[in-house]
Amino acid sequence: MNLGGNGKMDWFFDQYVYGTQLPNYKLESAVGNGENGVFNVSLKITQSNVDDNFRMPVNVYLELADGRVTRLGAVPMKGNYTFQQVIPLSGLKDAPKRAFINYYYDVLGTGY
């Protein structure tokens with residue numbers, strides 16, 4: 001939550017308490033086979049409906065083959081932005097079911 005690097009959450013209050021923007025999020029994802037039997041997840045996350053200074057860390061989660069959920073990481077989004085990347089998932093013997101965002105309602109916005 002320390003996006004400003006200063007130990008404060010002013011950015012959050014400026015955007016959500018005092019501001020009027022409500023971001024929209026769209027996630028496109030696919031699980032596939034990569035090199036040497038390593039699974040990978042292809043992610044495309046889009047943040048829209050905000051101004052250029054709007055920032056939000058968006059957590060990405062994986063639902064594993066056995067139904068457990070784990071956090072893959074966070075994508076720092078700023079403004080109307082699209083993050084796109086293929087991420088190798090070494091160490092998994094079974095393919096995960098899916099990748100998703102907003103597992104614990106940790107992103108304030110619409111879409112998902």
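Buried means under 20% relative accessible area, exposed means over 50%, and partly exposed is in between (1.4 Å probe, protein chains only). You are looking at a predicted model, where local features need pLDDT of at least 70, side-chain atom pairs count only at pLDDT 80 or more, and totals for chains, interfaces and linings use all residues. Residues are numbered from 1 along each chain as its sequence is written, and side-chain values use heavy atoms, with hydrogens and water left out.

Start by selecting Glu 63, which is buried, with a relative accessible area of 16%. Strands here are DSSP runs (E, at least two residues), as are helices (H or I, at least four), numbered from the N terminus. Arg 98 is partly exposed, at 40% relative accessible area.

Next, show Lys 97, whose salt bridge with Glu 63 has its closest N and O atoms 3.9 Å apart. Lys 97 lies in the loop between β5 (81-89) and β6 (98-101), so this pair ties together parts 34 residues apart in sequence.

For another stop, pick Lys 26 and Glu 28, joined by a salt bridge (3.5 Å, N to O). Lys 26 is partly exposed at 47%, and Glu 28 is partly exposed at 38%.

Notes:
Salt bridge = Lys/Arg side-chain N within 4 Å of Asp/Glu carboxyl O.
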